[in-house]
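Please look over the sequence and the structure shown here before reading on.

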Amino acid sequence: MVTRKKPGPEQPAGPPANATDVHDRLSVALPQPRCELDHKDAWTLLVATILSAQSTDRTVNTVTPLLFAKWPTPEALATAPREEVEAVVHRTGFFRNKAKAIQGASLAIHTQHGGKVPADIAALVALPGVARKTANVVLGVAFRVASGIVVDTHVMRVSQRLGLANAATADKVEHELCARFPKDQWIDIGHRILLLGRYTCLAKGPKCADCPLFELCPSREGQALGSWQDRAAHLGAAVAAPPAPGKGK
Ligand code: SF4
């Protein structure tokens, strides 16, 4: 039997980027970072975030209008036939696990929290299918509560390339990032780094020449194009424009 070594975190070639400079530049590039999952309240955001695992926000946004039209409350979704929910969320992948998770979380919200999503990290991560990433998204976006920093695959990769984190797990990377950024920056810095990873610091072929963090980054490749303010404007424009079909994970 061949045992494959689990890939570790990306190792930057130089010293880590300065967190204050990262924050300041991304604040210019992305002055108003927004969650790209369509939602109208904390519950619809929670469900959409669960569905976004191993999928794209764009795909989730094609599924949730029908999902919430058919079952507009936690109680309605919790008591819907499982196979009907699976059929609606099928396109997002892992549909059986996701249907089970969104129905389990909705049932707990209905029976234990009076139909309202709790604005509390401990109560959120106690819901079926809700891990820290989902809880941080809901608390930060829906309630503006800084419970931690959202760490998904994009934030993991960018943080490691910048030298801001070295750990191999999302929870440990979140811990490292929370130690580098003041608490009042936690909500927005997570979304800004996520958007940088989604549109510029791609897993394969990062667009370093366009990146507003080029001069700060120990993993940069090639030459920067123009001033960082010009490149920051480029990132802001890329995020503001609707993603092309199939893009926007
Ligand atoms: S795109 Fe390049 S310069 Fe920007 S953070 Fe990623 S690796 Fe660094």
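This is a predicted model: local features need pLDDT of at least 70, side-chain atom pairs count only at pLDDT 80 or more; totals for chains, interfaces and linings use all residues.

## Ligand site, cysteines and domains

The chain is divided into two parts, domain 1 and domain 2, and a search of the whole structure for disulfides returns zero.

**The cavity and its ligand**

- The count of cavities of 30 Å³ or more comes to one, and the largest cavity has a volume of about 110 Å³.
- The largest cavity is lined by 15 residues, and those lying nearest its centre are Cys201, Cys208, Cys211, Cys217 and Arg220.
- Around the ligand stand Arg161, Leu162, Cys201, Pro206, Cys208, Cys211, Phe214, Cys217, Ser219 and Arg220, a shell that by class holds seven nonpolar, one polar and two charged residues.

**Cysteines**

- Cys201, which is among the residues surrounding the ligand, is buried, with a relative accessible area of 12%.
- Cys178 is also buried, at a relative accessible area of 18%, which falls under the 20% limit used for that term.
- The closest cysteine sulfur to that of Cys178 belongs to Cys35 and is 18 Å away, so the two are too far apart for a bond, given that a disulfide requires sulfur atoms within 2.5 Å.

**Domains**

- Domain 1 is assigned in two segments, 19–34 and 148–236, while domain 2 covers 42–116.
- Between the C-alpha centres of domain 1 and domain 2 there is a distance of 30 Å.

Conventions
Residues are numbered from 1 along each chain as its sequence is written. Side-chain values use heavy atoms; hydrogens and water are left out. A residue is near a molecule or strand if one of its heavy atoms lies within 4 Å of it. Ala, Val, Leu, Ile, Met, Phe, Trp, Tyr, Cys and Pro count as nonpolar, Asp, Glu, Lys and Arg as charged, and the others, Gly among them, as polar. Buried means under 20% relative accessible area, exposed over 50%, partly exposed in between (1.4 Å probe, protein chains only). Domain bounds come from an automatic or database domain assignment. On a 1 Å grid over the protein atoms alone, a cavity is a set of points where a 1.4 Å probe fits but cannot get out, and a pocket is an open set with protein on both sides within 12 Å along at least five of seven lines; lining residues have an atom within 4 Å of a point. Grid points are joined across faces, edges and corners, and a volume is the space filled by probe spheres set on the points.
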